[in-house]
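Here are some exercises to work through with the structure open beside you. Try each task yourself before reading its solution.

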Amino acid sequence: MSDKNNLIVYCEFDDGKVADVSLELLTKGRVLATTLGVKLEALVLGDKLEGVENQVFPYGVDVVYKVEDKRLYPYTSNPHSAVLINLFKEIEPQICLMGATCIGRDLGPRVSSCLHSGLTADCTSLEIGPHKDPKSGKEYENLLYQIRPAFGGNIVATIVNPDCRPQMATVREGVMKKEIFDENYKGEVVNLDAAKYVSDADFVVEIIDRHIEKSKVNIKNSPIIVAGGYGVGSKENFDLLYDLANVLGGEVGASRAAVDAGYVEHERQIGQTGVTVRPKLYIACGISGQIQHIAGMQESAIVISINNDPNAPINTIADYVITGNMEDVVPKLIKYYKKNSK
Amino acid sequence: MSLNIIVLAKQVPDTRNVGKDAMKEDGTINRAALPAIFNPEDLNALEQALRLKDANPGSTITLLTMGLPRAAEIIREAMYRGADTGVVLTDRALGGADTLATSYSLAQAVKKFGNFDIILGGRQAIDGDTAQVGPQIAEKLGLPQVTYAEEILDLKEGFVTVKRRLEAGVETVKCPLPCVVTVNGSAADCRPRNAKLIQKYKYAVSPSEKEKLSDELKAVVEARPYLNLQEWSAAYVEADPEQIGLAGSPTKVKSIENVVFTAKETRSLENNDEQIEELIKELIANHTIG
């Protein structure tokens with residue numbers, strides 16, 4: 001294994017467009033590839049891939065592998081896995097990144113299992129650094145640090161794959177920032193013959209019906225988020241948060257504990273296993289602030305924490321802390337907003 | 001048509017109630033120090049299995065779990081709800097496994113069962129949230145997989161039809177059997193315990209639990225084969241020592257941190273009308289809210 005092996009990003013492609021999460025990973029991948037002094041590669045599978053390279057080159061992609069076959073769209077597990085497994089045996093990437101989406105989390109484990117390479121899910125940060133094995137004392141240079149909250153968000157763990165390649169990681173949409181590297185960047189296009197990488201026998205699962213329902217909840221792009229935690233106490237109390245979000249023109253979000261308790265639907269979950277948000281204003285009601293939640297909202301411009309517990313961990317990152325019952329405080333916020341606006 | 005159904009389940013630490021002794025020095029989890037529960041999405045998977053059993057009388061549901069010997073608790077829990085029996089794959093050599101070593105070990109155990117029609121499991125466990133073990137087991141057994149399942153719509157003529165819940169919609173797929181299906185938390189909740197089944201199975205025990213019973217109860221268990229759960233070791237499932245436990249795990253925990261967030265300059269407000277009105281005025285003045 002040469003340390004000049006490249007970094008590859010599996011790009012999701014739907015409706016003529018490379019998915020945002022893939023472009024975010026290309027942005028991160030560019031930085032990591034430069035640090036390592038290797039090429040950034042993109043892999044796109046699907047149908048009607050003409051011109052897709054032009055969507056990814058501006059992110060600093062050096063090589064685009066295209067595997068076109070109309071049966072590769074929509075995504076199914078075995079055929080996409082087969083392409084990655086066979087291609088990776090040939091080109092031996094040192095790192096492979098993919099979105100922690102329904103696709104990436106279906107595909108990644110299958111590929112890593114076959115190649116016996118380590119895979120870390122839902123990373124919140126990726127870095128390059130050295131590692132010394134505490135048992136053998138063996139030293140490694142330039143490993144991928146796969147950093148993620150673990151154990152329900154109670155700790156943050158740095159994971160490494162010292163001996164197995166590729167080092168694989170998934171990252172959720174919105175965790176990394178998408179940024180153009182160079183509008184005029186040009187790389188090489190490599191068209192691969194699908195038949196060489198996937199066999200007819202791989203197409204075992206038949207998609208009978210597929211209807212896309214665009215998510216109704218759009219907390220990712222909302223400038224104002226009113227989020228509730230377990231401390232909100234009930235589904236009924238969440239109605240207060242909807243009232244506040246409505247008057248402020250924002251959306252309601254939630255911590256994992258509130259979702260697990262059934263107060264609110266999963267689409268509203270903010271944090272490592274939910275959505276990452278960067279609103280202008282984040283009002284946290286009855287949220288204690290586990291790492292896994294804070295990971296998904298710490299870049300909010302202004303944070304207000306409303307909590308019974310003056311020592312709630314989230315208070316340390318809040319700009320304003322109101323110690324009290326959210327049932328008392330939220331109606332006051334609504335009342336004085338109505339009074340003072342306009 | 002009777003089915004042989006395997007349900008993969010995990011006894012997990014209740015990550016919402018984590019104490020100080022939760023982590024060992026080597027960065028792995030000290031499971032013994034934590035309250036243990038039936039992983040929530042594995043209960044959703046169990047419900048789908050129970051529905052298949054309802055529709056196909058004579059089917060058997062076997063719970064397979066890897067963990068400490070006390071994981072037999074979740075097998076009983078599953079039997080109270082309608083599962084038939086279970087196996088705990090337990091061995092010190094399996095400790096410290098990452099998802100790949102775990103899926104290898106479980107796949108070896110599945111091979112011991114011989115024939116089966118379908119393997120069901122939760123999408124992911126709340127202690128790791130990786131969702132990797134299901135697909136990895138499928139790959140190791142050379143089976144197709146259906147992840148993010150919300151409902152099994154139909155199972156007949158060697159195929160299962162499954163509704164999947166994805167980020168932006170739903171997909172219905174038809175997959176040949178045998179296969180691995182992982183079930184989402186959005187699927188139907190698991191039915192409650194059944195009083196008759198509690199009576200029937202309350203003395204269902206694993207061999208190590210049986211040791212601790214009184215002679216009288218031991219005799220009761222021995223007289224009823226259905227009260228005997230199984231415990232399998234790594235050697236019993238013919239697991240390669242190089243591929244299990246910490247040694248068989250390509251991912252290593254380099255470090256564990258309790259992250260301290262950079263504290264901001266925080267203003268504490270009283271929960272009274274004056275201070276809250278002042279806050280609202282300030283947010284309006286600086287155009288944070290309109």
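Chain B has a mean pLDDT of 92, and 91% of its residues reach 70 or more; pLDDT is the predictor's confidence in each residue, from 0 to 100. This is a predicted model, in which local features need pLDDT of at least 70, side-chain atom pairs count only at pLDDT 80 or more, and totals for chains, interfaces and linings use all residues. Residues are numbered from 1 along each chain as its sequence is written, while chains are lettered from A and ligands numbered from 1 in the order in which they are written. For the complex, the predictor gives an ipTM of 0.87 and a pTM of 0.84.

## Exercise 1

**Task.** Describe the overall make-up of chain B: its helices and strands, its span and its buried share.

**Solution.** 

Step 1. Start with secondary structure: chain B has eight helices and 13 strands. Helices (H or I, at least four residues) and strands (E, at least two) are DSSP runs, numbered from the N terminus.

Step 2. Next, look at the extent. The C-alpha trace of chain B spans about 75 × 45 × 40 Å along its principal axes.

Step 3. Now turn to burial. Of the 290 residues in chain B, 46% are buried. A residue is buried if 20 or more other C-beta atoms lie within 10 Å of its own, exposed if 12 or fewer, and partly exposed in between, with C-beta atoms placed from the backbone.

Step 4. Finish with contacts. Among contacts in chain B with a separation of 6 or more, 68% are between residues 24 or more positions apart. Two residues are in contact if their C-beta atoms, placed from the backbone, lie within 7 Å.

## Exercise 2

**Task.** Find out why strand β1 of chain B is largely enclosed, and which residues are the bridge partners of B:Leu8.

**Solution.** 

Step 1. Strand β1 (residues 4–9) of chain B has five of its six residues buried, so the rest of the structure largely encloses it.

Step 2. On to its pairing. Strands of a sheet pair through backbone hydrogen bonds, either parallel or antiparallel. Here, two strands count as paired if DSSP finds at least two bridges between them.

Step 3. β1(B) pairs with strand β4 (residues 60–66) of chain B in the parallel sense over six bridges. B:Leu8 has B:Leu64 as its bridge partner in β4(B).

Step 4. β1(B) also runs parallel to strand β6 (residues 118–122) of chain B, joined by four bridges. In β6(B), B:Leu8 is partnered by B:Gly121.

## Exercise 3

**Task.** How many residues of chain A are in contact with chain B, and which strands pair between the chains?

**Solution.** 

Step 1. The contact involves 76 residues of chain A and 67 residues of chain B. The chain A side has 36 nonpolar, 26 polar and 14 charged residues. In this count, Ala, Val, Leu, Ile, Met, Phe, Trp, Tyr, Cys and Pro are nonpolar, Asp, Glu, Lys and Arg are charged, and the others, Gly among them, are polar.

Step 2. Strand β13 (residues 206–212) of chain A pairs with strand β9 (residues 169–176) of chain B, antiparallel, over six bridges. A:Ile212 has B:Gly169 as its bridge partner.

Step 3. One open sheet has six strands with parallel pairing, in the order β15(A)-β14(A)-β16(A)-β17(A)-β18(A)-β13(B). β15 of chain A and β13 (267–269) of chain B stand at the edges with a single partner strand each, so one side of each lacks a neighbour in the sheet.

Step 4. Another open sheet has four strands with antiparallel pairing, in the order β8(A)-β9(A)-β10(A)-β12(B). Strand β10 (residues 155–160) of chain A and β12(B) run antiparallel, joined by five bridges, and A:Thr158 stands opposite B:Ser255.

## Exercise 4

**Task.** Is A:Gly253 buried or exposed, and which residues does it touch?

**Solution.** 

Step 1. Locate A:Gly253 in strand β15 (residues 251–254) of chain A.

Step 2. A:Gly253 is buried, because 35 other C-beta atoms lie within 10 Å.

Step 3. Leaving out residues up to four places away in sequence, A:Gly253 touches A:Ile219, A:Ile225, A:Ala227, A:Arg268, A:Ile270 and A:Val277.
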